[in-house]
Amino acid sequence: MKTLKVIVAAAILITLGATFVDAAAKKIRKEAEFNQLVVGKTLNYPDGTFIKVTNGKLSGKAGNGQKITGAWNWQGRFFCRNVVVGKNPVNEDCQRVENDGDTVTFIRNKGRGKRSEENKTELHSLTSRVC
């Protein structure tokens, strides 16, 4: 019985630890923070999409092979972007940005949009091999 209590207590601590790690994601509020964290890096998405972020420009390839081009700027506390995927323009969107180490999360509609795994990206330097 004592072993079962220890296992349950350990499971609870592990779960709480995961919750605290998620809660530790830092909101990026200033352009200088964003520039230091993201500009000059490649964002690699789980579906194979990658986007290179340079000063005011976005370029890359969607998971389905279509070319991505666009522009971005910082407005207030938000990353705002206009992109074209293939020949299809995507509506402009301003997004809240959060960081928890080497992962950055973009949350659409100024942080009010749906938070989804597709918006969670890994940061890699532009000189690294694109996965």
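Phe34, Trp72, Trp74, Phe79 and Phe106 form one aromatic cluster in this predicted model. The structure holds five aromatic pairs. Rings of Phe, Tyr and Trp (its six-membered ring) pair if their centres lie within 6.5 Å; planes under 30 degrees apart count as stacked, over 60 as edge-to-face and the rest as tilted.

One of the pairs is phenylalanine 34 with tryptophan 74: ring centres 5.2 Å apart, planes at 35 degrees, so this pair is tilted. Phenylalanine 34 lies in helix H2 and tryptophan 74 in strand E5 (residues 67–75), so the pair ties together parts that are 40 residues apart in sequence. Tryptophan 72 and phenylalanine 79 make another tilted pair, with centres 5.8 Å apart and planes at 35 degrees.

How buried are these residues? Buried means under 20%, exposed over 50%, and partly exposed in between (1.4 Å probe, protein chains only).

Asparagine 35 is partly exposed, at 27% relative accessible area. Its C-alpha atom is separated by 9.4 Å from that of valine 53, 18 residues away along the chain.

Next, the disulfide. The term covers a pair of cysteine sulfur atoms within 2.5 Å. The count comes to one. Cysteine 80 is joined to cysteine 94, with an S to S distance of 2.0 Å. The link is right-handed, with 110 degrees about the S-S bond. Cysteine 80 sits in strand E6 (residues 78–85) and cysteine 94 in strand E7 (residues 88–99), so the link ties together parts that are 14 residues apart in sequence. Both cysteines are buried.

Now the whole chain. The protein has two helices and nine strands. From the N terminus, the order is α-β-α-β-β-β-β-β-β-β-β. Helices (H or I, at least four residues) and strands (E, at least two) are DSSP runs, numbered from the N terminus. Of the 131 residues, 32% count as buried. Among contacts (heavy atoms within 4.5 Å) between residues at least 6 apart in sequence, 32% join residues at least 24 apart. The accessible surface is about 8,500 Å², with 55% belonging to carbon and sulfur atoms. Accessible areas come from the Shrake-Rupley method with a 1.4 Å probe.

Residues are numbered from 1 along each chain as its sequence is written, and side-chain values use heavy atoms, without hydrogens or water. Local features need pLDDT of at least 70 and side-chain atom pairs count only at pLDDT 80 or more, while totals for chains, interfaces and linings use all residues.
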